[in-house]
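New notebook page, one chain to look through. I want the overall picture before the side chains.

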Amino acid sequence: MQDEERVASPCVRNCCLDEQNVCMGCHRTLEEIVRWSTGPPSEQHEIVARSRARAAQRLARSRDT
């Protein structure tokens, strides 16, 4: 991925925040959602990486229960 290009939003139009203010659809924090449109592509890449990690953690927790 090239850092110069804008990153497609990970939003899946399933916006619902959990008790930690993390979207249950895209797994971004409320702060990350707010900063998305003004952040540089490098920050957007970081946000996507963190949101994917949160999604994987949530899936692993749900499998354990």
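This is a predicted model: local features need pLDDT of at least 70, side-chain atom pairs count only at pLDDT 80 or more; totals for chains, interfaces and linings use all residues.

**Entry 1: the whole chain**

I counted secondary structure and got 2 helices and 0 strands in the protein chain. Helix H1 covers 30-36, and helix H2 takes residues 41-64. I then checked the extent: the C-alpha trace spans about 40 × 20 × 15 Å along its principal axes. The chain has 65 residues, and 31% of them count as buried. For the surface I get about 4,700 Å² of accessible area, with 53% of that belonging to carbon and sulfur atoms. I also looked at contact range. Taking contacts with a separation of 6 or more, 51% are between residues 24 or more positions apart.

**Entry 2: Glu32 and its arginines**

How many salt bridges does the structure hold? I find 5. As a reminder to myself, side chains of opposite charge can pair when their charged atoms come close.

I started with Glu32. The side chain of Glu32 meets that of Arg50 in a salt bridge, at 2.8 Å from N to O. Arg50 sits in helix H2 and Glu32 in helix H1, so this pair ties together parts that are 18 residues apart in sequence. Glu32 also forms a salt bridge with Arg54, where the closest N and O atoms are 2.9 Å apart.

Next I asked about cover: is Glu32 buried or exposed? Its relative accessible area is 7%, so Glu32 is buried, the cut-off being under 20%. Arg54 is buried as well. Arg50 has 36% relative accessibility, so I put it down as partly exposed.

**Entry 3: the Glu43 network**

Which residues are linked with Glu43 in a network of salt bridges? I get Glu31 and Arg35. For the Glu43 and Arg35 side chains, the salt bridge has an N to O distance of 2.8 Å. Glu43 comes out buried because its relative accessible area is 16%, whereas Arg35, at 40% relative accessibility, counts as partly exposed.

**Entry 4: a nonpolar patch**

I went over the surface for nonpolar side chains. Leu17, Leu30 and Val34 form a patch there, and together they have about 250 Å² of accessible area. I picked out Leu30, which is found in helix H1. Leu30 has 38% relative accessibility, so it counts as partly exposed.

**Entry 5: Ser9**

Last stop is Ser9, in the segment before helix H1. Its relative accessibility is 37%, so I log Ser9 as partly exposed.

What does the side chain of Ser9 reach? I find the backbone nitrogen of Cys11, at 3.2 Å. Leaving aside neighbours within four places in sequence, I have Ser9 in contact with Arg28 and Trp36. I also checked Ser9 against Gln44: the two are 35 residues apart in sequence, and their C-alpha atoms are 8.4 Å apart in space.

Definitions and conventions: Residues are numbered from 1 along each chain as its sequence is written. Side-chain values use heavy atoms; hydrogens and water are left out. Helices (H or I, at least four residues) and strands (E, at least two) are DSSP runs, numbered from the N terminus. Buried means under 20% relative accessible area, exposed over 50%, partly exposed in between (1.4 Å probe, protein chains only). Contact means heavy atoms within 4.5 Å. A polar contact is a pair of N or O atoms within 3.5 Å; within protein, one must be able to donate a hydrogen and the other to accept it, and residues adjacent in sequence count only if both atoms are side-chain atoms. Patches are made of residues with over 30% relative accessible area and no salt bridge: like charges are joined within 9 Å, nonpolar side chains (Val, Leu, Ile, Met, Phe, Trp, Tyr) within 5 Å. Accessible areas come from the Shrake-Rupley method with a 1.4 Å probe; for residues, only the protein chains shown count as cover. A salt bridge is a side-chain nitrogen of Lys or Arg within 4 Å of a carboxyl oxygen of Asp or Glu.
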